[in-house]
Amino acid sequence: MSHEPRPRTVVGCTLLVIALGAVASACGSDGNPLSARPYDATDQISFNNLGGDGKKSDPDKPLEVTAQDDDRITDVTAVDGAGRYVAGELAADGSRWHSTEPLAANAHYTVRVSTEDDDGAPGRRVLTFDTGKPTSKKRLGVEFGPDAGEYGVGQPVTAKLDQPIKDPAQRAVVERALKVDSTPSVQGGWHWVDDKELHYRPQEYWPAHASLRVHSNLDGIKISDRLWGGPTKDLKLTIGDRVIAVTDASSHSMTVFKNNEEINQIPVTTGKPGFETRNGVKVVLGKEYFVRMRGTTVGIAEGSSESYDLPVYYATRVTWSGEYVHAAPWSVGSQGYANVSHGCTGMSTGNAEWFFDNIRQGDVVQVVNSYGDTMETFGNGFGDWNLDWKKWTKGSALTGGKQKAEQDTSRLRPAAV
């Protein structure tokens with residue numbers, strides 16, 4: 001060994017009384033090596049990619065820590081000035097640790113390495129280094145959505161990228177850096193909708209009155225040889241009351257719940273045969289006091305028997321293709337008794353006004369017992385909740401459907417021997 005052996009203090013089970021108080025020592029004949037002050041492991045640990053001679057480290061290269069002689073590494077933490085930990089992997093025999101995610105460019109890192117020798121005595125080495133500028137000026141931009149404000153419990157968080165990310169490993173880098181913090185805390189996850197968009201939702205609906213902070217740690221992180229993360233504007237959202245409207249197409253009735261209590265039951269009409277209303281969970285996209293609805297916008301030929309051109313009031317939108325909950329005074333006689341619409345949920349003007357005033361963007365509208373197709377998961381609004389949690393997590397580049405207990409991968413120890 002290249003370090004000098006450290007003396008060990010042997011203390012029996014005698015109670016020692018000193019001027020400042022009484023201190024009881026641990027019992028043992030030769031002490032515990034883990035209680036000894038760590039020795040300087042500088043000569044026992046080597047690093048790669050530390051620059052030197054005034055040069056900064058290359059963020060394109062991984063960080064590697066290697067143990068010399070008979071020492072073994074027991075713990076490594078690498079954290080930058082912004083508090084971001086570097087994930088890494090430690091060999092089972094403790095001989096080597098290496099980073100498993102990119103280093104940030106233009107960052108200052110502190111690395112703490114813990115070791116032990118053959119006798120189990122602890123060693124320690126701490127060093128700092130700086131990384132250089134990115135080798136590429138191409139940046140990935142991320143825009144979070146929706147706009148800041150208050151939303152219902154069904155509102156997903158979106159992240160739109162300004163260029164496509166297809167490679168699974170690169171997706172993992174991006175996803176790992178996108179954070180959604182909620183108060184109270186809930187389990188949630190990202191799902192890749194396509195190469196340029198991710199959605200985040202909890203396993204269940206958001207808790208009523210939760211606060212969300214959406215932010216990115218991607219700035220300065222290498223995604224690929226030619227792409228680095230760019231700065232992203234943080235987003236703050238609040239969640240309102242838990243409002244869920246359930247429409248039963250078979251009983252022609254909508255029941256509205258607020259914070260798990262029924263607050264209204266409304267006679268409605270839904271889509272007639274050939275124009276059945278979509279089943280499943282939809283999220284309110286917005287509200288429009290007046291909409292002119294034409295059959296031609298949903299593929300109905302002008303002048304045909306199904307053609308229509310109507311002024312519509314108190315319209316609450318639930319799909320981009322034109323499905324609304326709205327006032328339908330022309331069908332009051334059928335509301336509560338028959339389905340006669342072209343796919344929307346119609347109700348009296350008074351009921352539609354009440355619904356309009358008591359619903360907000362992000363609230364949940366669920367249709368059951370319709371003969372229509374299930375609401376599209378993506379592309380026609382927010383059908384995110386129609387995927388169960390297991391299927392949702394399969395859309396993550398990090399879990400791929402395999403739920404793992406959270407762990408700080410920058411602090412992994414080798415398996416016990």
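The legends below describe close-up views of a sheet, a helix packed on the sheet and a pocket in a predicted model.

Local features need pLDDT of at least 70, side-chain atom pairs count only at pLDDT 80 or more, and totals for chains, interfaces and linings use all residues. Residues are numbered from 1 along each chain as its sequence is written, and side-chain values use heavy atoms, without hydrogens and water.

**View A. An open sheet of 4 strands with mixed pairing.** The strand order is β26-β27-β28-β29 (strands are DSSP runs of E, at least two residues, and helices runs of H or I, at least four, numbered from the N terminus; two strands pair if DSSP finds at least two bridges between them). β26 (286–294) and β29 (345–347) are the edge strands, each pairing on one side only.

**View B. The parallel pair β28 and β29.** Strand β28 (residues 324–327) is joined to β29 by 3 bridges. Ala327 has Met347 in β29 as its bridge partner.

**View C. Helix α2 (residues 349–358) on the sheet.** The helix touches β26, β27 (309–317), β28 and β29 (contact means heavy atoms within 4.5 Å).

**View D. The second largest pocket, with about 630 Å³ of space.** A pocket is an open set of points on a 1 Å grid over the protein atoms alone, where a 1.4 Å probe fits, with protein on both sides within 12 Å along at least five of seven lines; lining residues have an atom within 4 Å of a point. The volume is the space filled by probe spheres set on the points, which are joined across faces, edges and corners. Of the 37 lining residues, Tyr308, Gly322, His342, Gly343 and Cys344 are the closest to the centre of this pocket. β26 gives the most to the lining, with 4 residues.

Conventions. Axes are lines fitted to C-alpha atoms, for helices over the stretch in contact, and angles run from 0 to 180 degrees between N-to-C directions.
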